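Take a look at the model below.

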Amino acid sequence: MSRTISVAVNMLWCVSGEVGGSEEYLLRQLAGLAEIQAPYEVTVFAPRGFSAVHPDLAAIHRVIEAPSTCRRREVRVLLEHTWLARQVSQSEIVHHGGGILPSRSRQTTLLTVHDIQYLTYPEYFSERKLKYLRNRVPSSITRASAVAVPSAYVAATLVESFGVSPEKIQVVRHGVSDSLGSRATAEAELRERFGLGNADVLFLPAVTHPHKNHEFLLQLLATRWTSPNLRLVFAGGRGRSESAVQQQISALGIADRVVRVGRVGPDDRDGLIKMAMALVFPSSYEGFGAPVLEAMKLGTPVIASDQTSIPEVLGGAGLVLPLRIDAWSGALEQVRQRRSELIELGRQRAKQFTDIKSAQDLCLAYDRALSGGVDQR
């Protein structure tokens, strides 16, 4: 390209502390655009207070904050149809990163769809949220000029479920920077703060939503992974399965071997991943599964389910197992025996998912949007 193209990125859905992996996914892509000096002039439209939470992004791209924190969906939707519509009227591409397109959008648009979980597990959603998604997601995908997805699994789901042309879809892989883990909290500090002593640590960073399968790990801890020197560490906020998780910890009598650390910052998260014997990830649904990539990058073996996108991301660099207790019972011994091999496989696999490669994928997605969803390669 011989000129710079203006791109408006709608991140009004990025409410600090409430979004998680999907927010980091897009932030890393946008950082990568600057790193590769992509021919796009990016302006980010975000909730009030966004720049203070993400100063690194604000230092490389222009950020315009909305007159609201956007914590209520109704407020965000209203702003998208009024304030945002006026702000982006001259932009050549409008990138909506939250999976929904405003109903009145008339410009060239790229829509990022992180997953279509509501089709597979509608029971995990409230009636109101389910109605909203069923109404807005299909029409958004249809009206978008092009669609970005994090994995081939999600791409195939769009083709199968909505009849989307494959030429309209661009897989934009997750990416991590070479600096990931450079500020990780020291192991000794984490062990002291969270009372871990010299125990072996298994780590799951995930909100307690049903599909994350915390209860599966609790059953393993109670029946198969019974070493008194083993600690299962859960990090993340309280989700729809929080009560069930708490009740099962008590019922199984394993409270002394389960450590709940709540939401943690990136430095603590990276430190906990690095110190763990393994990242355990028994999720039944992922559009990508970013913790798996982060663990591989940081040199921690991964034990994960064989569901949805997870085998695609791991690519043979970890233990991929069906969600059965018997299938996972010997996994810790496998990790001990193959530790060096799994660490090296993971690090090599992670080289396919850098922030630069993610940004390059995003450039291809912008090209698709500009060409009306036609592959120009």
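This is a predicted model: local features need pLDDT of at least 70, side-chain atom pairs count only at pLDDT 80 or more; totals for chains, interfaces and linings use all residues.

Q: Why is Thr43 called buried?
A: The cut-off for buried is under 20% relative accessible area. Thr43 has 12% relative accessibility, so Thr43 counts as buried. Thr43 sits in strand β2.

Q: Which residues is Thr43 in contact with, leaving aside its neighbours within four places in sequence?
A: Thr43 contacts Val7, Ala8, Val9, Arg62 and Ile64.

Q: Why is Leu79 called buried?
A: Leu79 has 10% relative accessibility, and buried means under 20%, so the label applies. Leu79 belongs to helix α4. Leaving aside neighbours within four places in sequence, Leu79 is in contact with Leu12, Ala66, Pro67, Ser68, Cys70, Leu84 and Ala85.

Q: How do you know that the span of α7 is close to the expected one?
A: Helix α7 covers residues 127-143, which is 17 residues. The expected span is 24 Å at 1.5 Å a residue. From first C-alpha to last, α7 reaches 25 Å, close to that value.

Q: Which residues of α7 are buried, and what covers them?
A: Leu130, Tyr132, Leu133, Arg136, Val137, Ser140 and Ile141 are the buried residues of α7. Their cover includes α4 (73-81), β5 (109-112), α6 (117-120), β6 (146-149) and α8 (152-162).

Q: Why is Ser182 called exposed?
A: The cut-off for exposed is over 50%. Ser182 has 58% relative accessibility, so Ser182 counts as exposed. Ser182 is in the loop between β7 (169-171) and α9 (187-193).

Q: How many residues apart in sequence are Ser182 and Val171, and what is their distance in space?
A: They are 11 residues apart in sequence. From C-alpha to C-alpha, the distance between Ser182 and Val171 is 28 Å.

Q: What makes the phi of Asn213 worth a remark?
A: Most residues other than glycine have a negative phi. Asn213 is not a glycine, yet has a positive phi of about 65 degrees. Asn213 lies in the loop between β8 (200-205) and α10 (214-223).

Q: Which residues of α10 are buried, and what do they pack against?
A: The buried residues of α10 are His214, Phe216, Leu217, Leu218, Leu220 and Leu221. They pack against β8, β9 (230-235), α11 (242-252), β10 (258-262), β11 (278-281) and α15 (325-328).

Q: Why is Thr308 called partly exposed?
A: Thr308 has 23% relative accessibility, so Thr308 counts as partly exposed. Thr308 is in the loop between β12 (302-305) and α14 (310-314). Thr308 has a positive phi of about 45 degrees, although not a glycine.

Q: Why is Leu293 called buried?
A: Leu293 has 1% relative accessibility, and the cut-off is under 20%, so Leu293 counts as buried. Leu293 is part of helix α13 (residues 290-298). Leaving aside neighbours within four places in sequence, Leu293 contacts His174, Gly175, Val176, Phe288, Ala350 and Phe353. The C-alpha atoms of Leu293 and Val313 are 7.3 Å apart, with the two residues 20 apart along the chain.

Q: Which residues have the most contacts inside the largest nonpolar core?
A: They are Leu202, Leu217, Trp225, Met296, Ile303 and Trp328. This core has 59 residues. Apart from it lies another core of 30 residues, including Ile93, Leu110, Val172 and Leu362.

Q: What does Met296 touch, not counting residues up to four places away in sequence?
A: Met296 touches Val302, Val313, Leu314, Ala317, Gly346, Arg347, Arg349 and Ala350.

Methods:
Residues are numbered from 1 along each chain as its sequence is written. Side-chain values use heavy atoms; hydrogens and water are left out. A nonpolar core is a set of buried Ala, Val, Leu, Ile, Met, Phe, Trp, Tyr and Cys residues joined through side-chain atoms within 4.5 Å. Buried means under 20% relative accessible area, exposed over 50%, partly exposed in between (1.4 Å probe, protein chains only). Contact means heavy atoms within 4.5 Å. Helices (H or I, at least four residues) and strands (E, at least two) are DSSP runs, numbered from the N terminus. The expected span of a helix is 1.5 Å times one less than its number of residues.
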